[in-house]
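This report walks through one structure, from the whole chain down to single residues. Take a look at it before reading on.

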Amino acid sequence: MAKDLKYSTLLDVYGGMLTDKQRDMIDLYYNDDLSLSEIADNEGISRQGVRDAIKRGEESLDELEDKIGVLKMIKENEEKLAYVTSQCDEIIQDCRTYTTTKSVIEKLERVKAVINS
């Protein structure tokens, strides 16, 4: 089973909506980087039992993200902020090149600082 590290992030967002067993297994697998066998040994269950719990948890996390979309919103906001930041950089450069007043540059730099904080 190849590890898709998005589940570590999904667990942070939606982990409280999983069963304790699913949350623990996914946490051990993705965040503590334990193998299925290591988890099985630690939990006293079969490797297949661990795999099944992780798979059910992953399916639940995917379903929650499809319905609620927190990570999608975060990604969209990050893209918007990157765009606004790049536009501020271009405006600041244009202002320096075309000798626009310093007040415009200062205001844009403050806006950019707020966005990046």
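Is D33 buried or exposed? D33 is exposed, because its relative accessible area is 54%; exposed means over 50%, buried means under 20%, and partly exposed lies in between (1.4 Å probe, protein chains only).

## Ground rules

This is a predicted model, in which local features need pLDDT of at least 70, side-chain atom pairs count only at pLDDT 80 or more, and totals for chains, interfaces and linings use all residues. Residues are numbered from 1 along each chain as its sequence is written, and side-chain values use heavy atoms, with hydrogens and water left out.

## The whole chain

The protein chain holds 6 helices and 0 strands. Helices (H or I, at least four residues) and strands (E, at least two) are DSSP runs, numbered from the N terminus. Read from that end, the order is α-α-α-α-α-α. The radius of gyration is 22 Å, well over the 13 Å that the globule rule gives for 117 residues, so the chain is more spread out than a compact globule. That radius is taken over C-alpha atoms, and the globule rule is 2.2 Å times the number of residues to the power 0.38. The C-alpha trace spans about 70 × 25 × 20 Å along its principal axes.

Of the 117 residues, 29% count as buried. Contact means heavy atoms within 4.5 Å. Among contacts with a separation of 6 or more, 56% join residues 24 or more positions apart.

## Surface and charge

The protein chain exposes about 7800 Å². Carbon and sulfur atoms supply 50% of that area. Accessible areas come from the Shrake-Rupley method with a 1.4 Å probe; for residues, only the protein chains shown count as cover.

There are 17 positive and 25 negative side chains. The centres of the two sets lie 5 Å apart. Lys and Arg count as positive and Asp and Glu as negative, while His and the chain ends are not counted. Each charge is placed at NZ of Lys, CZ of Arg, CG of Asp or CD of Glu.

## Helix α1: L10

L10 sits in helix α1, which covers residues 6-14. L10 counts as buried because its relative accessibility is 1%. Leaving out residues up to four places away in sequence, L10 touches G15, L61, D62, E65 and L71. One of these, E65, is 55 residues from L10 in sequence, yet their C-alpha atoms are 7.6 Å apart.

Helix α2 covers residues 20-31 and includes Q22. Q22 is buried, with a relative accessible area of 11%. Beyond four places in sequence, Q22 touches A53, R56, G57 and S60.

D27 also lies in helix α2. D27 is partly exposed, at 29% relative accessibility. Its contacts beyond four places in sequence are L11 and D32. D27 and L10 are 17 residues apart along the chain, and 11 Å separates their C-alpha atoms. D33 belongs to the loop between α2 and α3 (36-43). The phi of D33 is near 55°, a positive value in a residue other than glycine. Most residues other than glycine have a negative phi.

## Helix α4: V50

V50 is found in helix α4, residues 47-68. Why does V50 count as buried? V50 counts as buried because its relative accessibility is 0%. V50 touches M25, L36, I39, A40 and I45, with residues up to four places away in sequence not counted. V111 is another matter. V50 and V111 are 61 residues apart in sequence and 49 Å apart in space, C-alpha to C-alpha.

## Helix α5 and the cysteines

T85 lies in helix α5, residues 70-97. T85 is buried, at 12% relative accessibility. Not counting residues up to four places away in sequence, T85 touches K112, I115 and N116.

How many disulfides are there? The count comes to 0, where a disulfide is a pair of cysteine sulfur atoms within 2.5 Å. C88 is in no disulfide, and the nearest cysteine sulfur, that of C95, is 10 Å away. C95 is likewise in no disulfide, with the sulfur of C88 the nearest at 10 Å. C88 counts as buried at 6% relative accessibility, and C95 counts as buried at 7%.
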